[in-house]
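Me: I would like to go through the labels attached to this model and ask what each one rests on. Please set each value against its definition.

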Amino acid sequence: MPNGSLSLAATLYLLAFDPGTGKPVTHVGYLVQAGALTELAQRELLVDAKGRPKPLPDARTGDPALDGLLELIEESRPRAWGTWVGHQPQLTERAVRDQLRAAGYLRTTTRRVLGLFPVREYALERPELVAGMRDEAVRVLYGGQPAAEVSERDAALIALAAAGGLTTVVTHKDLEAHRQRIAELEVRGGAPGAALEGVVDHVRAGLAAAVATALSAATTAATTTTN
């Protein structure tokens, strides 16, 4: 799986690793799910059916993670685009992670909690390559290239990074300093065609809401534990 063939979801997964700590900086499952939904919409393998994604008949990509999500949507009851961001994102995350591990982007380590319970953890196997990917993404955000000339995929990556709190690519300062640029990239990264107009906006909104809810729950839990 060469770098150029990575799905949007897989790219976002790798970029979520903090180069300093080796830990993800945001809720990876939601980010990966939003990336997969966005790519499937951009490739027009998902159509909009009254505000809900619907796979085209026999739609397949050859990518196990993307195809798994297509099958899940096909077999599940209808849900809004934004709702799908938070519906079983761990399935897509696991499929992407397995892909990246098999391709040599990730390595697995195991440690024991309290000396008893094994916990599996993942780390970057090729951090220098991911650092290069991160530099490319930041150039899209900071660069002088007009948004209209940025690829739809790269534009969507920046838009999702901003919505999902991916601070390895879009910092909190960037959100203020480059608000107009991010807005332009959001438009550029939208799914093509009038039939899908606005659906990627719903995906981004669902991502932002899911991450905000998760952060709020984590803060409440930490406060309760401290008290």
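Reply: Buried means under 20% relative accessible area, exposed means over 50%, and partly exposed lies in between, with a 1.4 Å probe and protein chains only as cover. Glu186, at a relative accessible area of 27%, is therefore partly exposed. The model is predicted, so local features need pLDDT of at least 70 and side-chain atom pairs count only at pLDDT 80 or more, while totals for chains, interfaces and linings use all residues. Residues are numbered from 1 along each chain as its sequence is written, and side-chain values use heavy atoms, with hydrogens and water left out.

Me: Where is Glu186, and what is it in contact with?

Reply: Glu186 is in helix H9 (residues 179–188). Helices here are DSSP runs of H or I with at least four residues, strands are runs of E with at least two, and both are numbered from the N terminus. Contact means heavy atoms within 4.5 Å. Leaving aside neighbours within four places in sequence, Glu186 is in contact with Ala159 and Arg204.

Me: Why is Arg204 called buried?

Reply: Its relative accessible area is 8%, under the 20% limit, so Arg204 is buried. Arg204 belongs to helix H10 (residues 199–226). Beyond four places in sequence, its contacts are Ala159, Leu160, Ala163 and Glu186.

Me: What makes His178 partly exposed?

Reply: The relative accessibility of His178 is 22%, which lies between 20% and 50%, so the label is partly exposed. His178 sits in the loop between helix H8 (172–177) and H9. With residues up to four places away left out, His178 touches Leu141 and Tyr142. Leu141 is 37 residues from His178 in sequence, and their C-alpha atoms are 7.8 Å apart.

Me: Which backbone angle of Asp58 is worth a remark?

Reply: Asp58 has a positive phi of about 60 degrees, although it is not a glycine. Most residues other than glycine have a negative phi. Asp58 lies in the loop between strand E2 (53–55) and helix H3 (64–75). Its relative accessible area is 74%, over the 50% limit, so Asp58 is exposed.

Me: Is Ala59 buried or exposed, and how do you know?

Reply: Ala59 has a relative accessible area of 5%, under 20%, so it is buried. Ala59 is also in the loop between E2 and H3. Its contacts, apart from neighbours within four places in sequence, are Leu45 and Leu70. Ala59 and Glu71 are 12 residues apart in sequence and 9.1 Å apart in space, C-alpha to C-alpha.

Me: What makes a set of residues a nonpolar core?

Reply: The members are buried Ala, Val, Leu, Ile, Met, Phe, Trp, Tyr and Cys residues joined through side-chain atoms within 4.5 Å. The largest such core has 63 residues, of which Leu14, Leu100 and Ile158 touch the most other members. Helix H2 (residues 28–42) gives the most to this core, with 8 residues.

Me: How many helices and strands does the chain have, and why is it called as compact as a globular protein of that length?

Reply: The chain has 10 helices and 4 strands. The C-alpha trace spans about 55 × 45 × 40 Å along its principal axes. Buried residues make up 43% of the 227. Among contacts with a separation of 6 or more, 67% join residues 24 or more positions apart.
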